[in-house]
Amino acid sequence: MKFPIYFDNNATTPVDPRVVEAMLPFLKEKFGNAASRSHAFGWVAEEAVDYAREQVAKLIAATPAEIIFTSGATESNNLAIKGVAHMYGMTQADLFFLDSVARAKKEGRADAESLIPQRFGSVDLAEIAEKGAATVFADRGDHLITLQTEHKATLDSMKRLEKEGFRVTYLKVQPNGLIDLRELEASITKKTILVSIMFANNEIGVLQPIGEIGALCHEKGVLFHTDAVQAAGKVPIDVNALNVDLLSLSGHKMYGPKGVGALYVRRKKPRVRLEAVIDGGGHERGMRSGTLNVPGIVGFGKAAEICQKEMASEAERVNQLRERLFTGLKAELDELFLNGDAERRLPGNLNVSFAYVEGEAMMMAIKDVAVSSGSACTSASLEPSYVLRALGVGDDLAHSSIRFGLGRFSTEEEVDYVVKLVVEKVKKLRDMSPLYEMAKAGIDINSIQWAAH
Amino acid sequence: MAYNEKIIEHYENPRNVGTLDKDDPNVGTGLVGAPACGDVMRLQIRVSDEGIIEDAKFKTFGCGSAIASSSLVTEWVKGQSVDFAEGLKNQQIVEELSLPPVKVHCSVLAEDAIKAAVADWKKKKADRAGAK
């Protein structure tokens, strides 16, 4: 067994050696720019990118032309959310502004027309003055819906749009971490332009009912984006069967390299249009300019192909390892709480709270094992995990949470070692915990007047 | 984040973990912090009639720095007078353990805990004197 043991595969995955092999020529002799159309170096690079595009498309049952390569899923989420909002949306402030300009023109202000920024395209001020901007642009919405437990790349993109005047609904989740479909349905209005719900959660691994959400959005005529970073390569994805319009992917979460990802953008029924976030040479059909990261893309493609081929057997194996880990811990420790739904979750993810033991102290105790924690002490903000909070997990248990992320290269031997180590250390830390002593003496911790600090 | 060696040393070999009888008239108990904030410290001292701290024990729910801070304080106060314990400043803990800014609150908590323990012992003593 090699140390340290890596059980943090939800943060990033090691690069599969087969992926490294595939990438190497593109870091050496095949260094061409995929946009160089006039010589062999460029052609070789372009061909490799096209092949990778097919490999990635296949993983999610899309067509190659629907794959836009990006620098990673943070960029993909930004592009999907801001790109849709700017292409299809119009804020109340925009409408008010247009009404004001139309009125000014009617009242004889000569430069009225020149006040209108180009982003509005050609605007008929006389029509707006007559009918009102709200009527003229009735088909443009200003509302987006997402979940409180989304990744920051989604939440912060939404917050940026709120600053611009868009309205965003952040849906609560149920105590098991899953969306309430009735609440989603009730939140969709005529002004809703995009629903963005993650496929699988990065902290607690729960799998959202993407097919049901897709069907609902399709029926209501609202675009549907899903951040599938954690799910892709681990569970089957078919963008057509699931009615997904936009889907974010990341290379390094599926045994590929860092710094490369993709956004799936539906081309038919409906054809989704986006306003670019990064402008430049017009690469990726104008949706994402910038010289393509050819070695990264080649590796990402190879990683997607391996995931697709080995998904079924790997998921079963990793699932068994996860169960072995959880069963082993439960057999020896009391007051152990699973965070997130027990059934609907990613194969390798186990997020548990060891009551009365603080997460960072726990990680320090098992320093030969790489895991992560929802404890405040591990974050710069000193706030415990917002995902666990959204589930209604108390702050004390959020501070006590540990996320184990098993993956392709995890072994049974490692799991058995970790079980033994964690059990020993939790017992030691509980012996050191005044809260555990009080709980064992029958004192209700919540009955004490604690001074917040 | 890499941990400072002294923190690791105290964390791995904590001094004076345990419990004193809180109902003992010579024992002072300080319980500070809150579970929701991620750290709770309980520091206890047993004081002789001469005002010397004969024994000190702690239990802490918190990160490595919180555990190390409380361990260090028990080590410092043992054999010292209550006046010495009362005069301890969190900055001394920060310096001894080289706590980074984000962990300074652990030292503040340890200072609060020892002060609360001394205050508890003093209150018991005053109550006894009043009862006589």
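In what order do the three strands of the open sheet in chain B lie? The legends below take up that sheet and then turn to a pair of helices in chain A, all in a predicted model.

**View 1. The open sheet of chain B runs in the order β1-β2-β3.** Its three strands are paired in antiparallel fashion. Out at the edges sit β1 (27-34) and β3 (53-61) of chain B, each with pairing on one side only. Going from one strand to the next, you'll find a twist that averages 10°.

**View 2. Here β1(B) lines up with strand β2 (residues 39-47) of chain B.** Eight bridges link this antiparallel pair.

**View 3. Over in chain A, helix α2 (residues 40-59) crosses helix α10 (residues 294-332).** Their axes come within 8 Å, with a crossing angle of roughly 30°. The crossing of α2(A) past α10(A) is left-handed.

**View 4. A closer look shows which residues of α2(A) and α10(A) meet.** On the α2(A) side, they include A:Ala45, A:Ala48, A:Val49, A:Tyr51 and A:Ala52. From α10(A) come, among them, A:Val294, A:Ile297, A:Val298, A:Phe300 and A:Gly301. Sort the residues of this contact by kind and you get 14 nonpolar, three polar and three charged.

Definitions and conventions: Residues are numbered from 1 along each chain as its sequence is written. Chains are lettered from A and ligands numbered from 1 in the order in which they are written. This is a predicted model: local features need pLDDT of at least 70, side-chain atom pairs count only at pLDDT 80 or more; totals for chains, interfaces and linings use all residues. Side-chain values use heavy atoms; hydrogens and water are left out. Axes are lines fitted to C-alpha atoms, for helices over the stretch in contact, and angles run from 0 to 180 degrees between N-to-C directions. Helices (H or I, at least four residues) and strands (E, at least two) are DSSP runs, numbered from the N terminus. A crossing is left-handed if the near helix is turned anticlockwise from the far one by less than a right angle, and right-handed if clockwise. Contact means heavy atoms within 4.5 Å. Ala, Val, Leu, Ile, Met, Phe, Trp, Tyr, Cys and Pro count as nonpolar, Asp, Glu, Lys and Arg as charged, and the others, Gly among them, as polar. Two strands pair if DSSP finds at least two bridges between them.
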